[in-house]
Amino acid sequence: MSDVIDRPLLEQEATAKSRLRIIDCDIHPSLHSRADLNPFLTKRWQEHLKSYGDHLRTPYIGTTPYPRSSPLIARRDAWPPTGGPPGSDLAFMRKQHLDPFDVEFGILQVLDLFIFSQQNLDFGAAIQRAINEWQLAYWSDRDPRLKASILAGQDDTEAAIAEIERCAKTGRYVQINVCPRANEPLGRHRYWPIYARAEELGLPLGIHVGGYGGHAPTGGGWPSYYAEEHQSNAHSMAATLTSFVIEGVLERFPRLKIVFIEGGFGWISSAMWRMDQHFERFRDEVPHLKRRPSEYVREHFWFTTQPIDEPDEARHLRSLIEWVGVDRLLFSSDYPHWDFDDPRFAFRTPLSEAERLKIFNSNARALYKL
Amino acid sequence: MSATRIDCDIHPAVGGTRTTLLPYLDDHWKEQVVSRAIDGLDLTSYPPNMPLSGRADWRPANGKPGSDLAMVQRGAFDQLGSSHAICNVLYGAQAVYDPYMASAFCKAINDWIAAEWLARDLRLRASIVVPMQAPDLAIEEIERRAGDNRFVSVLVLAQGESLLGRRHYWPVYRAAEKHKLPIAIHAGSQYRGAPSSIGWPSYRYEYYLAEAQAFQAQVLSLIYEGVFGKFPGLKVVLMESGVSWLPAFMWRANKTWRGVRVEVPWVEREPASIMRDHIRLTTQPFDSPPDAKGVADIIDMIDCDKMFLFASDYPHWQFDGDDAIPPHLPASIVSRMCADNPLETFPRLSLAA
């Protein structure tokens, strides 16, 4: 392990850090309690939220069937001293994360109540709107560094588009979020109206891991352990990448920009090689594709870096970065979750100043027009 | 006599249940398949006319690619230069719902391959096709065929009814380990569930790509359920899985294990190290980076020259020309993957047939 970075380089990076502010593309704010949404819900949906709550394709109403290794999937030090769940207290988030790491902008990714997978579509639409309003009122209004995403429940496409229109008019949201484990693979035609709108509005499409699409987390069935389920997130993202590419979404929407969030990036180069290798063989099945699959990936997709891969040899991480391309990577911390990537230590391989600037700041700045 | 070069994955094709397999069914199933017209069990994963399912020069004038012994001999041995080859039959017995029917068809396939392929060409070996739908019947079939050293592995599909590490399959692994039979997981699906967590894809192309992730899920399942702790002698061969996904997959597995190993205390070392000891992969397709340096990097990252097994995937169309070895592989890997690794992975290859 001779080439793993040792102390002197970290010191060098520490001095560089003072000039480089970070754009963190994956920060999870939480509701303090579900009652936080009441100001944004009609009486009917307030009552519904209280008496029926979520209806998701998962066995439990109060927790995941794959218990995490820590409560609420959070860093143990991320519980606010004032009470409430991790990520629910802006002052503490500032003190613990935004200020010490000099976060210039943070992109909010709301997972509470997982609106993308609600079976009751009207309820889903009501809480989607409420959460979108809550993001502004509780976060962006109070700290302009924090940028909201338009949550758009893809499976009620009409309601999703109405919500996109409503939010886009404010000019305050930086992307449109849909979920990888939807009712159907995201490349399928039924979702294209959302992509048409995203393209017209010039808003990137953000796709954060997760969802309750009803299918097993793996192509081989339901795993027994969180260790398996956790890694299956990357598999869902790989299948989502191929769905977008192979369905021809990027042929139809040549200005669409897509951000994969919390899938990591180690798997992407192999996914591109595999698509390219078999392209000739399947070309007559997909005549709508005019270019090699990897070309669509290199032009239309960005990938957040967490959870970063940790090969023993620093040169291997270097290869991964080069294969995907420094221009495609967006730093993300996943604060306040347990598998948080610390911006000081996550990249255990040498990066040039220019590369560092791109990954930690300028790629996201250009993409999100910050 | 040429040097030993063992092709670990070729595909003889069953013409049909009512034709090819009929002589190998007992009276009950003979009557059933005829009177109920039970036939056409080619897997949705491999429609015979799809280009991937048969290279143009390996397609017979009549019948499916891989259905003609003489043609397979010319292609797999004369043209590609192998000294031996392992037959993996991908007819749909593995996907039948009725466990008795599945078992009868698996038995018929194994008897057919023994009589019409292995007996006619001493260079051929085969995997035992088993009904994993019913582990007890799978074990019966393993035991029935275990005395015949020409059967060198147990064949299962990458996407079945449940993940392969689950404990209801363990008795199958006990039997396999006892008889020195590795478990060969081959690309293909029973279509019980969607090929990936995101649902049913539109295209065969997408489905085929998703197989790589299904293999990864199977490896994690086998490791985290503790199969290799329970059966330390067991080896698992991933066939037609692709290879280049392995390094990043290993790192993610190691990282995840470091974070959450508290839930699987019986997994006492890094998953990648377990993979290097127990998992093997056939080299077609490789899904290579386009350049020699990329391939060298992938090999360096995997850091285990024992994991690769030479295979052509005949008659599947993975490459053109006469060389089934993926481009840019270093000579040290090539020499190991053609003979040493297969002999170590399939111990019964060394036994008298």
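Biologist: Which residues touch the most other members of the largest nonpolar core?

Modeller: In this predicted model, the largest nonpolar core holds 212 residues, and H6(B) gives the most to this core, with 14 residues. The residues that touch the most other members of the core are B:Ile109, B:Val154 and B:Ile185.

Biologist: Which element gives the largest share of the side of chain B that touches chain A?

Modeller: The contact between the chains involves 58 residues of chain B and 54 residues of chain A. On the side of chain B, strand S4 (151-159), H6, H8 and helix H10 (292-302) are the elements that give two or more residues, while the residues of that side divide into 31 nonpolar, 17 polar and ten charged. The largest share, 15 residues, comes from H6(B).

Biologist: Why do the buried residues of helix H9 of chain B lie on the same side of the helix, and over what arc?

Modeller: In H9 (residues 271-278) of chain B, the buried residues are B:Pro271, B:Ala272, B:Ile274, B:Met275 and B:His278. What covers them includes helix H6 (204-224), helix H7 (227-230), strand S6 (236-239), helix H8 (246-260) and strand S7 (279-282) of chain B. They are placed on the same side of H9(B) because the arc they cover around the axis is only 160°.

Notes:
Residues numbered from 1 in each chain as written. Chains lettered and ligands numbered in written order. Predicted model: local features only at pLDDT ≥ 70, side-chain atom pairs only at ≥ 80, totals over all residues. Buried ≥ 20, exposed ≤ 12 C-beta atoms within 10 Å, placed from the backbone. Helix = DSSP H or I, 4+ residues; strand = E, 2+ residues; numbered from the N terminus. Arc of directions from axis to C-beta. Contact = placed C-beta atoms within 7 Å. Nonpolar A, V, L, I, M, F, W, Y, C, P; charged D, E, K, R; others polar. Core = buried A, V, L, I, M, F, W, Y, C linked by C-beta atoms within 7 Å.
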